[in-house]
Amino acid sequence: MSSAFDTVDHKFVLERLCNRFGFKGQVLKCFESYLQDRKQFVMIDGVRSIFKDLHFGVPQGSVLGPILYSLYISPLGDILRHHGLEFHLYADDTQVYFAFRPTPAEQ
């Protein structure tokens with residue numbers, strides 16, 4: 001997935017932290033505070049664009065970014081396990097392993 005960290009929906013990840021992982025109260029509010037009121041702009045030749053509110057994405061290069069992304073995609077592991085697939089997740093890198101017998105070439 002290209003720019004995977006940019007796909008994290010803030011509302012959705014906060015719901016997942018609460019409902020799937022049991023984060024409540026002040027802990028959940030800390031994560032909410034970390035994600036809310038983020039903005040970005042582009043600057044070209046010293047000219048800045050307007051600020052744009054961000055409702056998606058986690059800060060790259062941060063300690064919490066990969067952790068929040070991993071918690072966000074955690075159901076992926078459930079789906080892969082359900083189908084008997086081996087996998088490895090690391091931050092925004094997912095590798096799925098499966099073996100199969102090749103079918104004979106048609107003659």
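Predicted model: local features only at pLDDT ≥ 70, side-chain atom pairs only at ≥ 80, totals over all residues.
Residues are numbered from 1 along each chain as its sequence is written, and side-chain values use heavy atoms, with hydrogens and water left out.

Let's begin with the core. A nonpolar core is a set of buried Ala, Val, Leu, Ile, Met, Phe, Trp, Tyr and Cys residues joined through side-chain atoms within 4.5 Å; buried means under 20% relative accessible area, exposed over 50%, and partly exposed in between, using a 1.4 Å probe and protein chains only. The largest such core has 16 residues, and Val-13, Leu-14, Leu-17, Leu-68 and Tyr-69 touch the most other members. Helix 1 (10–19), helix 2 (25–35) and helix 3 (64–72) each give two or more residues to this core. (Helices are DSSP runs of H or I with at least four residues, strands are E runs of at least two, and both are numbered from the N terminus.)

Now pick out Leu-68. Not counting residues up to four places away in sequence, Leu-68 touches Val-13, Leu-17, Phe-31, Tyr-34, Leu-35 and Val-58, where contact means heavy atoms within 4.5 Å.

Is Tyr-34 buried or partly exposed? Tyr-34 has 23% relative accessibility, so it counts as partly exposed. Leaving aside neighbours within four places in sequence, Tyr-34 is in contact with Pro-59, Ser-62, Leu-64 and Leu-68. The side chains of Tyr-34 and Ser-62 are also joined by a polar contact of 3.3 Å.

Next, the loops. Asp-37, between helix 2 and strand 1, is not a glycine, yet has a positive phi of about 60°. Asp-37 is exposed because its relative accessible area is 67%. Asp-45, in the loop between strand 2 (43–44) and strand 3 (47–48), has a positive phi of about 50° and is not a glycine either. With a relative accessible area of 77%, Asp-45 is exposed too.

Finally, the pocket. The largest pocket has a volume of about 190 Å³. A pocket here is an open set of points on a 1 Å grid over the protein atoms alone, where a 1.4 Å probe fits, with protein on both sides within 12 Å along at least five of seven lines; lining residues have an atom within 4 Å of a point. Strand 1 (residues 38–40) gives the most to this lining, with three residues.

Terms used
Points joined across faces, edges and corners; volume = space filled by probe spheres on them. Polar contact = N/O pair within 3.5 Å; in protein donor to acceptor, adjacent residues only side chain to side chain.
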